[in-house]
Amino acid sequence: MSHPEQSPAVTVDRLPVPFPESAVLLDVREDDEWQAGHAPDAVHIPMGDIPSRAGEIDNQSEVYVVCKAGGRSARVVEYLNRVGYDAVNVDGGMLAWQAAGRQIQRDDDSHEARII
């Protein structure tokens, strides 16, 4: 049996700025990671919840999937593309997002936003 192709991926510098209405940035990290710091406008669904919650994502949208470094998001991209989405992995994840100078934020103001 042959190995599946690499899931489609894009580097942070190739992501649209600002995100178009027709695209979704899907953050699949855990709750504590999301709370520490995330991209503005991202949609948060932890990786383990994707099979039960994928219906919350518009399957007519381009879906850019991000985690901390790109491993979990690659698996989510494979899954979403199998079930009818147009999903692309964000190479390097939120670490690359932050390193590229992209904005991150928290939902509360108790600490500075950071990627954990």
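Two strands are said to pair if DSSP finds at least two bridges between them, and by that rule strand S2 (residues 23-27) and strand S4 pair in the parallel sense, over 5 bridges. The structure shown above is a predicted model, and its protein chain has 4 helices and 5 strands. This briefing begins with the sheet and the chain as a whole, and then turns to individual residues.

**The sheet**

- The 5 strands form an open sheet in the order S1-S5-S4-S2-S3, and the pairing in this sheet is parallel.
- Strand S1 and strand S3 (43-44) stand at the edges with a single partner strand each, so one side of each is left without a neighbour in the sheet.
- Strand S1 (residues 9-11) runs parallel to strand S5 (residues 86-91), and 3 bridges join the two; within this pair, alanine 9 stands opposite asparagine 89 of S5.
- Strand S4 (residues 62-66) also pairs with S5 in the parallel sense, here over 4 bridges, and valine 63 stands opposite alanine 87 in S5.
- Strand S4 has S2 as a partner as well, through 5 bridges in the parallel sense, and the bridge partner that leucine 25 finds in S4 is tyrosine 64.
- Helix H3 packs on the sheet, where it touches S2, S4 and S5, and the direction of H3 makes about 170 degrees with that of S5.
- Taken together, S4, helix H3 (residues 71-82) and S5 make a right-handed β-α-β unit.

**The chain as a whole**

- The C-alpha trace of the protein chain spans about 50 × 30 × 30 Å along its principal axes.
- Of the 116 residues in the protein chain, 42% count as buried.
- Among the contacts in the protein chain between residues at least 6 apart in sequence, 65% join residues that are at least 24 apart.

**Glycine 93**

- Glycine 93 has its place in helix H4, which covers residues 93-99.
- The relative accessibility of glycine 93 is 0%, and because buried means under 20% relative accessible area, glycine 93 counts as buried.
- If residues up to four places away in sequence are not counted, glycine 93 touches Val12, Val66, Cys67, Lys68, Ala69 and Gly70.
- Glycine 71 lies 22 residues from glycine 93 in sequence, while the two are 8.3 Å apart in space, C-alpha to C-alpha.

**Backbone features in two loops**

- Most residues other than glycine have a negative phi, and most peptide bonds are trans.
- In the loop between S1 and S2 we find proline 18, and the peptide bond that leads from valine 17 to proline 18 is cis, with omega near -15 degrees.
- The loop between helix H1 (31-36) and S3 holds aspartate 41, whose phi is near 75 degrees, a positive value in a residue other than glycine.
- Aspartate 41 has a relative accessible area of 72%, and because exposed means over 50%, aspartate 41 counts as exposed.

**Salt bridges**

- Side chains of opposite charge can pair when their charged atoms come close.
- When a side-chain nitrogen of Lys or Arg within 4 Å of a carboxyl oxygen of Asp or Glu is taken as a salt bridge, the count comes to 5 salt bridges.
- One of them joins the side chains of aspartate 27 and arginine 29, with a distance of 2.8 Å from N to O, and both aspartate 27 and arginine 29 are buried.
- Asp49, Arg53 and Glu56 are linked in a network of salt bridges.
- Glutamate 56, at 52% relative accessibility, counts as exposed, because the term exposed applies over 50%.

Conventions:
Residues are numbered from 1 along each chain as its sequence is written. This is a predicted model: local features need pLDDT of at least 70, side-chain atom pairs count only at pLDDT 80 or more; totals for chains, interfaces and linings use all residues. Side-chain values use heavy atoms; hydrogens and water are left out. Buried means under 20% relative accessible area, exposed over 50%, partly exposed in between (1.4 Å probe, protein chains only). Contact means heavy atoms within 4.5 Å. A crossover is right-handed if, with the strands pointing away from the viewer, the path from the first strand over the helix to the second runs clockwise. Axes are lines fitted to C-alpha atoms, for helices over the stretch in contact, and angles run from 0 to 180 degrees between N-to-C directions.
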